[in-house]
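Here are my notes on the model you sent. Please read them beside the coordinates.

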Amino acid sequence: MLRFILSRSALVIPTFLGVTFLSFFLIRLVPGDPIEVRVGERGISPERLAQLRHELGLDRPLWVQFFDYIGDVLSGNLGVSVVTKTPVLQEFLALFPATIELSVCAMLFAVVLGLPAGVIAAVRRGTTVDHTVMGVSLTGYSMPIFWWALLLILLFSVNLGWTPVSGRLSVMYWVEPVTGFMLIDTLLSDEPGAFASAVRHLVLPTVVLGTIPLAVVARMTRSSMLEVLGEDYIRTARAKGLSGIRVVGLHALRNALIPVVTVIGLQVGVLLAGAILTETIFSWPGVGKWLIESINRRDYPVLQGGILLIATLVMAVNLIVDLLYGALNPRIRHGR
Amino acid sequence: MKTALRGAAVGLALAAGFTFPVAAKTLVFCSEGSPENFNPQINTTGTSFDAAEPVFSNLVEFERGSTEVVPGLAESWEVSEDGKTYTFNLRKGVKFHGNQNFTPTRDFNADDVLFTFNRMWKEDHPYHNVSGGEYDYFNDMGMPDLLESVEKVDDHTVRITLKRVEAPFLANLAMAFAAVHSAEYGETMLEKGTPERVDQEPIGTGPFQFVNYQKDAVIRYRAFPEFWGEPQKIDTLVYSITPDASVRYAKLQAGECHVMPYPNPADVEAMRNDPNINLMSREGLNVGYLAFNTQKEPFTDKRVRQALNMAIDKQAIIDTVYQGAGVKAHNPLPPTIWSYNEEVEPYPYDPEKARQMLADAGYPDGFEADIWAMPVQRPYNPNAQRIAEMVQADLAKLGIKANVVSYEWGEYRKRAQAGEHLMAQLGWTGDNGDPDNFLNVLLGCDASREGGSNIAKWCYEPFDSLIQQARQITDREKRAELYREAQEIFHEEAPWFPIAHSVWFQPVRKEVVDFRISPFGRHVFEGVDIQE
């Protein structure tokens, strides 16, 4: 087991280097550096441009900048935002809980609805229930996030007035950030009604962000279940007179879950990508919005640091998923 | 929602440790983004200026909703005979805000003015390098070259001496970058070893004091009871940060905010018809134009430039591209600025005459030229690509083959300022409401150098001498006379095809009272009320 973890972790190193390399050079391929972007119509004298570039170290050869950056990262220094002059890690830690909160809720939403929907569709294969589940999930999968979000806002927030349009908490509350997770912070605070407000603010973004993973989970569960339900041991179990629920719930589902868990693991990456759009629409103060802004402002340290941190997280989740297989299915237990 | 907002005020009051009367009024502004910081000396974006606006006062200020300069922290001022020395008499008894780390022990005085200017000006000032130490606007407005000295005469008198006469100087002092900071706060934060707090937790003498800020989410202010001006009618001001324009509109409809900036052009019609929304509008302090590079053939010949001014159907561009959000430009100055010359006769749209003039200039069969289109939407030009195509079609009728060219935005400006183009679109939004800020910055000889903002690269002595002369005198009527004459020369020489001045749309909810659109594109909440 330990050997597996070690060898699996070793794979992280090239991925790390790749991510750092790509994020470093891709943003520099985009024309215009942080200073030019800031200058505007007025223009800047060549001397001043050179001076400002020098101050930011942008006048050094690219490879020197790159290796300096790698060195800094290895010593735990992700740099300072060119725009706000705040350390990247500090900004990330302040904003990341919002993204996690939203992503976890979206994932829960996807799994809690997607798993049963997929199982039911598989068991009732070919019936109207099956067609409905599959039809809806296909639609959900194809839904452009932006459009879907605006549609929900117009219906539920503007017309019906059930949910707030955007934000994390009504402006009527001020909750001192303790954990950064609004649901927890509002519970800790003694502001009556703040928790309910936080929940109401979470509903629409959760649905929007969870829609695609929900569709993926439901479809994956269904096809995986169908495969398992056709296996001999299921027929045996039925022949032994086990109840339908026991067969489906215990014997079939446990085996069907393996590909589903893989997909859920992969969906973490998709979720974080979707969070960028979702956060922008719902004015959700997470890292997605922060990254988008850093691209527009060519805030190199923020973009590089942000991508690196998120990539680390995705890699960690995938590692955990690999380990989970063993728990689900003893046949894949590692490193005997 | 009304109750929610009232509750908001109470919630805020509790949070800030203050109590308001039960009927506390909160105004929510759905701002478009997060500020870089709260010090207008070191930032450059409208978003950041808006965030600092409620907190600070200047020596002189722009009257709300106008480009007129009025007394601020300086009650009055005298200008010396030679026009180089300004003596400001400071207002007495002006209080600074306080916060949990700082309680002011004295009123505003001359030291604060010196602290403000010296931070930006003097490289050895202890604050000069704090928070990056870039003072873009101070530098861009040419202050380091202009200032001779800033002196304290006594506690309530400051004398500023200039190296040369510069008429727009007073208007510069009303700009955001010249916001007056507390010297005492500066010293206190320096002692505590946290000088950057000055830029993140601002202390000023403005109508609202800063309460707190959550990045990308919300900024809160509350009315400052000891403000030197008129007391505020609202108690709390909240900026609810909402980057997407459609979502801002949804929030406005749902009553989650009272005022929103930058509506989607597509939503404007619906806003006009919405009974809960008051759609205000105003001509922007800007101009969008197509500049001819007057240093390159064939645009060295003014007949060619005039011909092109007649060959392009401006009305069609206004109708198709601006769709009600712009008016035709004839002058380089927007009509909201004093000294705008209404007597300039616009070039008619006359392709036949244009063809004739081109033939006279030696181009009977036209020529080949590139026409540059910015890759981004700007207030003065919502779709440069589309305009380029329309110009291309109009010019094709005269046999001119125009190729549309575009670069990434930063690259675009750099190349245009270097004069690499033949025809390039660009525009300008005014900083201080002074005609010099358009005519000199965009068309003066000094700006025509490589890298300068005069992208027609047009240096015409008769024009330049007029605007340089106008800088040297402080009598406004005389200046206006010179600028009007300069606009006639501009028209005759035609270094640009002026396209349009934008029209700003400002949707506010019906219950908002006395909101005035700032000609500078700022959002100002001083004096605004809510009628429940």
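**Notes on the two chains**

1. Chain A holds 14 helices and 0 strands. Helices here are DSSP runs of H or I with at least four residues, strands are runs of E with at least two, and both are numbered from the N terminus. The order along chain A is α-α-α-α-α-α-α-α-α-α-α-α-α-α. This is a predicted model: local features need pLDDT of at least 70, side-chain atom pairs count only at pLDDT 80 or more, and totals for chains, interfaces and linings use all residues. Residues are numbered from 1 along each chain as its sequence is written, while chains are lettered from A and ligands numbered from 1 in the order in which they are written.

2. Overall figures for chain A. The C-alpha trace spans about 85 × 55 × 40 Å along its principal axes. Of its 336 residues, 39% count as buried. Buried means 20 or more other C-beta atoms within 10 Å of the residue's own; exposed means 12 or fewer, partly exposed lies in between, and C-beta atoms are placed from the backbone. Take the contacts in chain A between residues at least 6 apart in sequence: 73% of them join residues at least 24 apart. A contact requires C-beta atoms, placed from the backbone, within 7 Å.

3. Helix pair α11/α12 in chain A. Two packed helices are described by the angle between their axes and the distance between the axes. The axes of α11(A) (residues 232–239) and α12(A) (residues 244–281) come within 11 Å and cross at roughly 150°. Axes are lines fitted to C-alpha atoms, for helices over the stretch in contact, with angles from 0 to 180 degrees between N-to-C directions. The two helices are therefore roughly antiparallel. The cut-offs are over 145 degrees for roughly antiparallel, under 35 for roughly parallel, 65 to 115 for roughly perpendicular, and oblique for the rest. From α11(A), the contact uses A:Y233, A:I234, A:A237 and A:R238; from α12(A), A:V247, A:H251 and A:A252. By class these residues are 5 nonpolar, 1 polar and 1 charged. Ala, Val, Leu, Ile, Met, Phe, Trp, Tyr, Cys and Pro count as nonpolar, Asp, Glu, Lys and Arg as charged, and the others, Gly among them, as polar.

4. Helix α13 of chain A, residues 287–296. Which of its residues are buried? They are A:V287, A:G288, A:K289, A:W290, A:L291 and A:S294. Just after α13(A), A:R298 takes a positive phi of about 50°.

5. The A–B contact. Chain B gives 44 residues and chain A gives 38. On the chain B side, α1 (2–15), β10 (236–240), α9 (245–253), α15 (409–418) and β16 (423–429) each supply at least two residues. That side has 16 nonpolar, 17 polar and 11 charged residues.

6. α8(A) (residues 145–159) packs with α9(B) at an angle of about 5°, with the axes 10 Å apart. That makes α8(A) roughly parallel to α9(B). A:L150, A:I153, A:L154, A:S157 and A:V158 meet B:S246, B:V247, B:A250 and B:Q253.

7. An open sheet in chain B. Its 4 strands run in the order β1-β10-β9-β8, with mixed pairing. Strands pair if DSSP finds at least two bridges between them. β1 (26–29) and β8 (208–214) of chain B are at the edges, each with a single partner strand, so one side of each has no neighbour in the sheet. On average, neighbouring strands are turned by 20° against each other, direction ignored. β8(B) and β9(B) (residues 218–223) pair in the antiparallel sense over 6 bridges. In β9(B), B:Y221 is the bridge partner of B:F210.

8. Other strand pairs in chain B. β5(B) (residues 85–90) and β7(B) (residues 157–162) are antiparallel over 5 bridges. B:T87 has B:R159 of β7(B) as its bridge partner. β6(B) (residues 147–154) and β7(B) are antiparallel over 6 bridges, and they form a hairpin with 2 residues between them. B:K152 has B:V158 as its partner in β7(B).

9. B:T47. This residue is in helix α2 of chain B (residues 46–52). B:T47 counts as partly exposed because 19 C-beta neighbours are inside 10 Å. Leaving aside neighbours within four places in sequence, B:T47 is in contact with B:S31, B:E32, B:G33 and B:P35.

How values were computed. Contact = placed C-beta atoms within 7 Å.
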